[in-house]
Amino acid sequence: MASGSSTPDLESARGLLRAREREFAGALARADVDALAGLYTADARVSGPVGPMAVGRDGVRSLLQHLVDSGVERVEFQEEELFAVGELVCERGTARLLRASGTTVVVTRHMTLWKHEDGTWRIHRDWAAQ
Amino acid sequence: MRRIVPFAGTALLAATLAPGNARAVSSPHEGIAFAVSGMRAALQRGDSQKLAAFYTDDAELVGPVSLKGRRAIERHMADVIAMGIQDVTLEQQEVFPGADYAAETGRAAFLDRAGARVTVLSYMTLWKKDGTAWRIHRDVSVPVAVDSAALARLAAGGAFSVRESDAFHAVMLPMTGSFGQHGDAIAKLALWLGQAGVKPLGPPFGRYLNSPEQVPEAALAWEVGFPVPAGTTAEAPFEVRQIDDGLVAYAVIGGPRDGQDRPWPQLAQWAEKRNYTLSGPAMEIWSSETTTEMRIAVRR
């Protein structure tokens, strides 16, 4: 896509989203919480299996700091499907969070709304169930 | 102990006119509001078929209970209604509209017949324009805090369900005696997995062949295991076995791995009241440090 007001082209968005997820994995491996938080929109909301909903980039940063502090260093994303929702892309998929040793900490299934903001796709809403 | 949540989707219980009673397709906001009010009315009437009609044929719900397809959703709705859930209050937070799909976020509180809150879910729902109606196509729900009184009601039987489980292979460590050995047993298994270079395919679990109500502690027979790829081999004291597929009665609850407050009697009674016969050992799957799935094989 494509920023702007048009409906996103899912095929072209798919490659860009995968690239963003690779950025996520790289930042997680570096424990770079600022880089991780930068992958979210300024007014993002994240609802996960543990803890209260994270609101805004600062809230998301705190959530991600907790993730890093808990020893998670790797993530494996698996996309299941994409839908165009207005200007947003809705992705359903799974995420496996692992320690550096390869031990799985948790596997979540998520629904994520990606928003094109400031020239790139960012996570705008993310609900993840264990 | 954290939560037992009997609902598979949030929008699950929300709306009145069945989509079958179609009216002209409206905007996503109007269509969702229309459906939500219809689902709520259907729940209040205890009409699981009408409730399920608000979902697409291939709807998928992810949460404490995950379901796929309208038929599975209808069966689950019937269970939820049978448990005594009769109403829902919704706090819609946002709607992201689109031409064919719309996303909605919010919170839903589910109420029993007395109007008491049983549990609250935070949800994101993907609605699909389906012919002349907006229907729920995908839903991810995350449980939020449940008060202690609600937990007590849930432990009394409000969180149970039945489903098909898949067969899998597992490396097992048979044990006898005190349940206080759980930590050591799992550690031994994990160490073996690491040394053997076997990557587990899921979280650890325990199977219980008798119970403290039946035998003295020293005679307790149980085992812990990890799912592993088919073809894995092991030597004593470890064993590789296939855990068969089949119907299971189950509940997902919160609490630590060594929790002693599992509602096993309630789960058994719940199944027997629905004409299921218990046919296998009790099993606990420790999905995380704070979540356990209780599972017991049943047949009809």
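## Rings that pair up

Rings of Phe, Tyr and Trp (for Trp, the six-membered ring) count as a pair if their centres lie within 6.5 Å. Keep that cut-off in mind for chain B, where ring pairs link B:Phe179, B:Tyr208 and B:Trp222 into a cluster. One caveat before going on: this is a predicted model.

A search of the whole structure turns up six aromatic pairs over all chains. One of them is A:Phe24 with A:Phe77: the ring centres are 5.5 Å apart and the planes sit at 80 degrees, so this pair is edge-to-face. A:Phe24 belongs to helix α1 of chain A and A:Phe77 to strand β3 of chain A, so the pair ties together parts that are 53 residues apart in sequence. As for solvent, A:Phe24 counts as buried because its relative accessibility is 7%, while A:Phe77 is partly exposed, with a relative accessible area of 27%.

Over in chain B, B:Phe179 and B:Tyr208 also make an edge-to-face pair, 5.5 Å centre to centre with 85 degrees between the planes. B:Phe179 is in the loop between β8 (168–176) and α5 of chain B, and B:Tyr208 is in strand β9 (residues 205–208) of chain B, so here the pair ties together parts 29 residues apart in sequence. B:Phe179 is partly exposed at 22% relative accessible area, whereas B:Tyr208, at 13% relative accessibility, counts as buried.

## The chain A sheet

Now for the strands of chain A. Six of them form an open sheet, and reading across it the order is β2-β1-β6-β5-β4-β3, with mixed pairing. The edges are held by β2 (54–55) and β3 (72–85) of chain A; each has a single partner strand, so one side of each is left without a neighbour in the sheet.

Further in, strand β5 (residues 104–117) and strand β6 (residues 120–129) of chain A run antiparallel and are joined by nine bridges.

Two helices of chain A are worth a look here. Helix α1 (residues 10–29) of chain A lies across β1 (40–47), β3, β4 (88–99), β5 and β6 of chain A, and runs at about 160 degrees to β3(A). Helix α3 (residues 56–69) of chain A lies across β1, β2, β3, β4, β5 and β6 of chain A, at about 55 degrees to β1(A).

## Charges over rings in chain B

The charged end of B:Arg163 sits over the ring of B:Tyr250, 4.5 Å from its centre. B:Arg300 does likewise with B:Tyr276: its charged end sits over that ring, 4.0 Å from the centre.

B:Asp87 is part of strand β3 (residues 85–96) of chain B. With a relative accessibility of 14%, B:Asp87 counts as buried, because the cut-off for that label is under 20%. Its side chain makes a polar contact with the side chain of B:Gln44, at 3.2 Å. Leaving aside residues up to four places away in sequence, B:Asp87 touches B:Arg40, B:Leu43, B:Gln44, B:Ala109, B:Phe110 and B:Leu111.

B:Ala196 lies in helix α5 (residues 182–196) of chain B. B:Ala196 is partly exposed, at 40% relative accessible area. From B:Ala196 to B:Thr232 it is 36 residues in sequence, and 9.6 Å in space, C-alpha to C-alpha.

Technical notes:
Residues are numbered from 1 along each chain as its sequence is written. Chains are lettered from A and ligands numbered from 1 in the order in which they are written. This is a predicted model: local features need pLDDT of at least 70, side-chain atom pairs count only at pLDDT 80 or more; totals for chains, interfaces and linings use all residues. Side-chain values use heavy atoms; hydrogens and water are left out. Two strands pair if DSSP finds at least two bridges between them. Helices (H or I, at least four residues) and strands (E, at least two) are DSSP runs, numbered from the N terminus. Contact means heavy atoms within 4.5 Å. Axes are lines fitted to C-alpha atoms, for helices over the stretch in contact, and angles run from 0 to 180 degrees between N-to-C directions. Buried means under 20% relative accessible area, exposed over 50%, partly exposed in between (1.4 Å probe, protein chains only). A polar contact is a pair of N or O atoms within 3.5 Å; within protein, one must be able to donate a hydrogen and the other to accept it, and residues adjacent in sequence count only if both atoms are side-chain atoms. Rings of Phe, Tyr and Trp (its six-membered ring) pair if their centres lie within 6.5 Å; planes under 30 degrees apart count as stacked, over 60 as edge-to-face and the rest as tilted. A charge sits over a ring if NZ of Lys or CZ of Arg is within 6 Å of the ring centre and within 35 degrees of the ring normal.
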